[in-house]
Amino acid sequence: PQTIFEAVAARIPSRAALAAKLMTKYRDSAIHEVTVENVMNGMRGLPCVLWEISESSATGVKHHTKTLTQLEVELPKWPGSTQMSPEAMLWFLYTARIPTPAELETFAADLSRRAEVPLEAQTFLHALSKDISPESQIIMLLTFLSRYSKFNLALANGISKDELWKHALEDALDLSARLPMLVASVYAKAHGIEKTEHLRSSDLAHNFARQIGKDDTDFVEFTRLCWSFYMDHGASVSSHAMRLVSSAWTEPYTTVATGIIGGTGPLHAKAIGDSVKFNLKALSTLGSDPSKEDILDYVANCLSQGKIIPGYGHALLRVPDARLEILRRFLETHPSSDPNVHSFLSLIRSMNDSVPELLRERVRGMKNPHPNGDALNGCILHAYGLPSDYLLVFFACSRAMGFMTQYIWDRALGLPMERPLSLTMDELLTKVQSA
Ligand code: NMX
Ligand code: MLT
């Protein structure tokens, strides 16, 4: 069995050799033509961001060549659990290798050992007013915690560039273990929940659930699942924001704060909470068992007011989101006994089935009218009692852990700072006309 540091170190020579080959033998080879549409349309379709941990395309994401459905089967699970484990997924993203049970156990124990939030940070948190939004509190806490960055300390001590990834990995592991505890602390403070002892022998999701007073097996299982499959989706806004900022060697804590800021936009991760609000409003207007016509009228009315329908569409995917299918399967195997939850979730199912047809017809140019994962994940969390304003920070736990795996590879491969060339529309026109 290898430690995470050994497993990453063992993979570096082959990845560095591939990087060197690309930069020598193929340095000047063209892979794509840049069109005006690529430039005008937020770089859609332009394969220009190097990503080590996944390939994402219009048909879905693959992590080190494996789909999420394959990983659901292949990754080791915790005893008694039927869901993916975030710790196993993390190990896999870092190393491109399924961990052995012994490696997973050592890795999880290492993370657990790192989960303690420094006392100073707890004092800082308790000084913050409860009515500051959870994401703002987490962003402030993360920038505060940057004083504990081992990566920054190594830089200040003049460490060699070749060693930087090890210090980045120290921070990445500290942060992956601490962020769920920070989110739990913000929740516990707002809801007056007493601090619970951290169980060293338990996993991240279970400890998180305990800290927020939701130590219910289904909620823990759902947290494991969600944190596992939301870790990475290539250059999405949150990940790309972290990628850009960290390319200038910004340490992991501030980098992750940037990712959360990226998630606060309604077109990206804020859609998780917006979708819950949208569906709750639909429930109170239409009741729990509306006809298809009522649903279509309701959504058409929102569209005619120029509103975006949260949870539908995707900037990259052109097929139904595989994550939504995984969420639906979870609901089938973990049905709620609460009739209110049941009617809320069945309304969402009816919405998901009916709305794409309307969007296809009414929103000309919409490239993917299907529901995305955000049409359901937040609603399930809401059904477990997590208020909609915590959904963004819940998601952030997963995305931060996932991006950290990319972060350490960027440093291990010595990738440079991102600095594309910008151009004005006038320059663009001149280029087209002179081509
Ligand atoms: N409701 C209303 N209009 C929409 C929607 C929607 N859900 N999705 C796309 N459109 C509009 C879009 O605003 C654009 O209009 P215009 O031409 O006037 O600018 C047109 O359809 C074409 O958009 P697309 O090219 O299909 O999508 P784009 O790549 O620009 O945007 C999203 C992708 C995800 C930002 C967009 O579909 C959206 O705003 N969805 C709702 C918010 C959401 O669910 N976000 C979560 C993203 C997915 N996720 O898994 O995180
Ligand atoms: C994500 O996981 O961040 C979403 O699928 C959005 C995206 O990839 O653009």
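Reader: In which helix is the place of R15?

Author: R15 sits in helix α1. The model is a predicted one.

Reader: Why does R15 count as partly exposed?

Author: R15 has 15 C-beta neighbours inside 10 Å. A residue is buried at 20 or more and exposed at 12 or fewer. The value for R15 falls in between, so R15 is called partly exposed.

Reader: How far from R15 is W409 along the chain, and what separates their C-alpha atoms?

Author: R15 and W409 are 394 residues apart along the chain, and their C-alpha atoms are separated by 9.3 Å.

Reader: What makes A9 partly exposed?

Author: The place of A9 is in helix α1, which runs over residues 4–24. Around A9 there are 15 C-beta neighbours inside 10 Å. That count lies between the limits of 12 and 20, and therefore A9 is partly exposed. The C-alpha atom of A9 is 8.9 Å from that of K166, a residue 157 places away along the chain.

Reader: How do you know whether A400 is buried or exposed?

Author: By the count of C-beta neighbours inside 10 Å, which is 31 for A400. A400 is found in helix α19.

Reader: Which residues is A400 in contact with, leaving aside its neighbours within four places in sequence?

Author: The contacts of A400 are with L175, L179, V256 and G259. As for I132, that residue is 268 residues from A400 in sequence and 21 Å away in space, C-alpha to C-alpha. Contact needs C-beta atoms within 7 Å.

Reader: What describes the packing of two helices?

Author: Two values do: the angle between the axes and the distance between the axes. For helix α14 (residues 270–286) and helix α19 (residues 391–412), the angle is about 145° and the axes are 8 Å apart. The crossing of α14 and α19 is right-handed. On the α14 side the contact is made by K270, I272, G273 and V276, and on the α19 side by L391, L392 and F395.

Reader: How many residues of each class are in the contact of α14 with α19?

Author: By class, that contact has five nonpolar residues, one polar and one charged. Gly counts as polar and Lys as charged.

Reader: What makes helix α10 mostly covered?

Author: The count of buried residues: seven of the eight residues of α10 (residues 204–211) are buried. They are L204, A205, H206, N207, F208, A209 and Q211. The cover over the buried residues includes α4 (86–95), α5 (101–114), α9 (164–190) and α11 (217–229). After α10 comes G213, whose phi is positive, near 75°.

Reader: Where do H64 and A96 lie, and what is phi in each?

Author: H64 is in the loop between β2 (60–62) and α3 (68–74). Phi of H64 is near 45°, a positive value in a residue other than glycine. A96 is in the loop between α4 and α5. Phi of A96 is about 65°, which is positive although A96 is not a glycine.

Reader: Why does A96 count as partly exposed?

Author: A96 has 19 C-beta neighbours inside 10 Å. Buried needs 20 or more and exposed needs 12 or fewer, so A96 is partly exposed. H64 has 15 other C-beta atoms within 10 Å, and therefore H64 is partly exposed by that rule.

Reader: Why is the chain called as compact as a globular protein of its length?

Author: The chain has 20 helices and two strands. Its radius of gyration is 22 Å, and the globule rule gives 22 Å for 435 residues, so the chain is as compact as a globular protein of that length. Buried residues make up 40% of the 435 residues.

Methods:
Residues are numbered from 1 along each chain as its sequence is written. Chains are lettered from A and ligands numbered from 1 in the order in which they are written. This is a predicted model: local features need pLDDT of at least 70, side-chain atom pairs count only at pLDDT 80 or more; totals for chains, interfaces and linings use all residues. Axes are lines fitted to C-alpha atoms, for helices over the stretch in contact, and angles run from 0 to 180 degrees between N-to-C directions. Helices (H or I, at least four residues) and strands (E, at least two) are DSSP runs, numbered from the N terminus. A crossing is left-handed if the near helix is turned anticlockwise from the far one by less than a right angle, and right-handed if clockwise. Two residues are in contact if their C-beta atoms, placed from the backbone, lie within 7 Å. The radius of gyration is taken over C-alpha atoms; the globule rule is 2.2 Å times the number of residues to the power 0.38.
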